[in-house]
Amino acid sequence: MNLREARALLADRGFRPGETSTKTFSDGSPYKVEIPSCEGPRVMTAVLEEAKNRGVTIDRVSQGSGVMMLTDGEIEEMLSLGADAGVEVCLFLGPRGSWDIGGQAKVSAAVGGVARGNDQVAASLCDAYRAVELGVRSLLVGDIGVLELLGQLKIEGELPADLVLKTSVLMPLPNAPTARLYERLGATSLNVSTDLPVPVLAEIRSVTTVPIDMYIEVPDDQGGHVRFYDVPEIVRTAAPVYLKMGLRNAPNIYPVGAHLTGTAEALGRERVRRAELILRLLAEQDEG
């Protein structure tokens, strides 16, 4: 089989070059803003305060240290803040390979979010049930097996039908077939690999129905790209898309605690400022 024949085979199975996306979020918007690494109530308060001061609308915050690193009271406070501000609160699940005794995750960030063995899968499920019982309706998943189990539990009615299952950047998503697989397993928000060119994003959008979320500025340990001027084309081809603001030249702060609160708050405020910059570019395009 040559490359032309291979492309024809993919096209026969529905994997064709993408075009302008006509899909939107349920409220009709083509994009929303996500602030990651919102590691607790104090950081979330700082992020929301900064957003108000800058006139930036935040639609989702996500947290990376995990459900197990938050007390019940902290989770409930974050949910209260989110309800008051109309912001989705997404919490990471469980232990992960990069914190475990295994060696592979120490040399490859791509496997950092995996659940090693059935015990870690079980721990992830415990995190999910605890979070849901406290009122959380958005979970950040770093393991494909855990994703499938949570998707099945939703179908069986064991978990709420409206529970968001957002794939982590630690689950590589570099192409349309993988995106379609993740959605079939239960993903309701797809965090794509950080280095994809716009045509590949269009290919992914052409075979998926759920929102895409992607880093516009990428943490150093995930590539360090700064893609501000790609944003108009990303929105055009990948909508509905969450524009996710990471930071270059920033420390990895997981898991956060009181010893890092000041740093986490400062990083959160700067992510909001970065969001203001990309929203200006989008407004400029609309005016043009």
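Trainee: Is Arg-54 buried, partly exposed or exposed?

Mentor: Arg-54 counts as partly exposed, at 30% relative accessibility. Buried means under 20% relative accessible area, exposed means over 50%, and partly exposed is in between, with a 1.4 Å probe and protein chains only. Before we go on: this is a predicted model, where local features need pLDDT of at least 70, side-chain atom pairs count only at pLDDT 80 or more, and totals for chains, interfaces and linings use all residues. Residues are numbered from 1 along each chain as its sequence is written, and side-chain values use heavy atoms, with hydrogens and water left out.

Trainee: Which side chain does Arg-54 meet in a salt bridge?

Mentor: That of Glu-50, at 2.8 Å from N to O. A salt bridge here is a side-chain nitrogen of Lys or Arg within 4 Å of a carboxyl oxygen of Asp or Glu. Side chains of opposite charge can pair when their charged atoms come close.

Trainee: Where do Glu-50 and Arg-54 sit relative to each other?

Mentor: They are separated by about one helical turn, because they are four residues apart in helix α2. Helices (H or I, at least four residues) and strands (E, at least two) are DSSP runs, numbered from the N terminus. Glu-50 counts as buried, at 12% relative accessibility.

Trainee: How many salt bridges are there by this rule?

Mentor: The count comes to 20. One of them joins the side chains of Glu-34 and Lys-244, at 3.9 Å from N to O. That pair links distant parts of the chain, with Glu-34 in strand β1 and Lys-244 in strand β8, 210 residues apart.

Trainee: Are Glu-34 and Lys-244 buried or exposed?

Mentor: Glu-34 is buried, with a relative accessible area of 0%. Lys-244 also counts as buried, at 4% relative accessibility.

Trainee: What about Arg-42, which residue does it form a salt bridge with?

Mentor: Arg-42 forms one with Glu-265, and the closest N and O atoms are 3.0 Å apart. This pair links distant parts of the chain too: Arg-42 is in helix α2 (residues 41–54) and Glu-265 is in helix α10 (residues 261–287), 223 residues apart.

Trainee: And how do those two count, buried or exposed?

Mentor: Arg-42 counts as exposed, at 54% relative accessibility. Glu-265 is buried, with a relative accessible area of 18%.

Trainee: What else does Glu-265 touch?

Mentor: Not counting residues up to four places away in sequence, Glu-265 touches Arg-42, Val-43 and Ala-46. Contact means heavy atoms within 4.5 Å.

Trainee: New topic. Where does Ala-239 lie?

Mentor: Ala-239 is in the loop between α9 (231–238) and β8 (241–245). Ala-239 is buried, with a relative accessible area of 2%.

Trainee: Which residues is Ala-239 in contact with?

Mentor: Leaving aside neighbours within four places in sequence, Ala-239 is in contact with Ser-21, Lys-23, Pro-30, Arg-205 and Ile-234.

Trainee: How far is Ala-239 from Arg-280?

Mentor: They are 41 residues apart in sequence and 18 Å apart in space, C-alpha to C-alpha.

Trainee: What does the side chain of Ser-29 make a polar contact with?

Mentor: With the side chain of Asp-27, at 2.7 Å.

Trainee: What counts as a polar contact?

Mentor: A pair of N or O atoms within 3.5 Å; within protein, one must be able to donate a hydrogen and the other to accept it, and residues adjacent in sequence count only if both atoms are side-chain atoms.

Trainee: Now the whole chain. How many helices and strands are there?

Mentor: The chain has 10 helices and eight strands. Along its principal axes, the C-alpha trace spans about 55 × 50 × 40 Å.

Trainee: How much of the chain counts as buried?

Mentor: Of its 288 residues, 52% count as buried.
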